[in-house]
Amino acid sequence: MLKLLNRSNNRQHDKRLVIDHDLCFSCGACVAVCPPDSLFLLDIHLTVDHNTCTRCDRCVAMCPVHALSLVPEEPLHHENGV
Amino acid sequence: MKTAYDVIVVGAGPAGSAAALRAAQAGLDVLLIEKRQEIGVPVRCGEATDIETTERFMPLDARYINRYINRYAIVNAVGDRVIVPPSSPTIIIDRKVFDAALAQEAARAGAELRVSTTALGLLRENGAVTGARLKSMGRACEVRAKLVVAADGVESQVARWAGLKTIPPLADYYVGFQFTLTNLRGRFDPDLCEYHIGSETVAPGGYVWVFPKSEDSANVGIVIPANRARPVSAQAWLERFVERFYPGAGILSVVAGGIPITGAIKQMAVDGLVVVGDAAHQADPLTAGGISLGMMGAEMAMQVAVPAIRRGDVSAQALREYEALWRERFGKMHGALYAVRKILTRMAEADFNKLVAQAARLPLATMSHAELMAQLLRAHPALLLEARTLITTGLLLK
C-alpha cells in the first residue's frame, strides 16, 4: 500500500490539490478516504495540508460533486517553497 | 460536565445514542457528546430503516415516521420491475427528529448529553485509552473515562487516533448524492421503495433509490463506487435520472457523502475504546444502509463493554468479544451481500435488464429463494458461475 502511495506520489509530485469551494458541500467524503489525514473540515470549510498531501487522487475520485482536482503546480509556488 | 465518567460516547448519531442508551440503562455514568450545534443535522442519509430494530431502542413515534413501506421494487433501465416484500417491515424516517428522539431516550436513561462538543484527542496511560480531550462550547477540558466509544461516523477521527482506521480501496466506497424532491404527486408510489439499477445508463456499479417521504415528496438518491465516479460525477448521474423521471420537481434539500461498503472493520476495539456504526464500517455492504446496523453494533459493543467495565478489565482482549458477536450475527450475511454487490457491479446492463424482465414474470410471492434462483439460472446459464460465489458465501444457506 505504501509503495503504491509513493508511486502515485512520484507520478503526481508536480501537482497540487485544488478545492472548488463553490461546488463543495462540506460532506466530508474526501476526509474519510485521505490516507495521510491531510484534509480537514474546519466547521464547514474544507482545507488541505499541502505538506502532507501525497497527491494520491483518492479524494478526487470520492467527491460526489467533483469539487476536487489535481492541477499542475505553478512554478511560482515552487519558488515560494510552498 | 464532570471530569470523569464510566463511558464517553463521541457522536450522537443512531449508533452513538444507542450505545449511550444501553450503557445508561445498565446504570453506568455516561457522557454523550455531539460536535454539531443540533443533533441530527445535517441529514446524510436515505432515511429508510426497519421497525424491529427501531423498537428495540425506543417506541415508534409518528413524529419521526414519514412513511410505512410494504413493498420494494427493483427496476431495470428499461422499466421492468420486480416487486418484493421488504425482508423486514420498513419505515422512512425523518433523521433529524429520529436522531434527536434517540439521543433524548439516552438522556432520559441518565446519559449526560452535550452538543457543540468536539473530541480533540484521546488521553492515554501505558498505551490504553483513559479518556478524551474535549472542547465544549468553546472551552477545552480533559475528561477521563473507563471506556471511550467512537461513534463519530464515516470520517471518524477517534478511530484514526486509536489506530483502528482502515482505508479500503476506492471500489469499496460508495459516493453518494441525494435530493429530497417535492411536487411528485401522481408520479410515484408513496408506499413503495424503488431501487433503479443500470450500470451504463442509470448508475455505474451502483443504484438510484426513490424512498417516499410523503404522498408528494421522496428522497431520490444515488450511490456509485468511487472507482467509477469519473468522468461523470454522482451528482451529474442523479441529475440525469431526475430530468428523465421527475422533470420540474422541486428540490427541498441536497445531501452528499461517502460510505465505506466493506462490511465491518476486523478490529473494532483497543484497550479502553470501541468503535461502532459508520466509524466501524458497519453499513450493509450492498445497499449501504447503516442506521439499524449501527444501533445493533452499539448494542453488541455495550453487551460486552458493560460487564468488562464492571470487572475492571477494559483491555482489548476483553472488548474484542464484541467483534465475535458481530461476526456471528452479521459476518456471513455481509460476506454474501458483498459478493452480490461485486456480481452486480460486473454485470452488463443488458444482462441485468434481461434478468429483471425474466424475474418480473415469475410468481415471486409464492417462490422460495432456491426456486427463484433455479428459474433464473435456467434462463441465464451464465449466471451459474456467479451463483456459485453466492452459494459458497452462504446467501442461499440462510
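Modeller: In chain B, the domain assignment gives domain 1 (4-47 + 94-167 + 262-319), domain 2 (170-260) and domain 3 (336-397); such bounds come from an automatic or database assignment. The model is predicted: local features need pLDDT of at least 70 and side-chain atom pairs count only at pLDDT 80 or more, while totals for chains, interfaces and linings use all residues. Residues are numbered from 1 along each chain as its sequence is written, with chains lettered from A and ligands numbered from 1 in the order in which they are written.

Taken over C-alpha atoms, the centres of domain 1 and domain 2 of chain B are 30 Å apart. Their contact takes nine residues from domain 1 of chain B and 13 residues from domain 2 of chain B; two residues are in contact if their C-beta atoms, placed from the backbone, lie within 7 Å. The side of domain 1 of chain B that touches domain 2 of chain B has four nonpolar, three polar and two charged residues. Here Ala, Val, Leu, Ile, Met, Phe, Trp, Tyr, Cys and Pro count as nonpolar, Asp, Glu, Lys and Arg as charged, and the others, Gly among them, as polar.

Chain B also meets chain A, in a contact that takes 15 residues from chain A and 21 residues from chain B. On the side of chain A, helix 2 (29-32) and helix 3 (58-62) each supply at least two residues. That side of chain A has eleven nonpolar, two polar and two charged residues. Chain A contains four helices and four strands, which are DSSP runs numbered from the N terminus (helices: H or I, at least four residues; strands: E, at least two).
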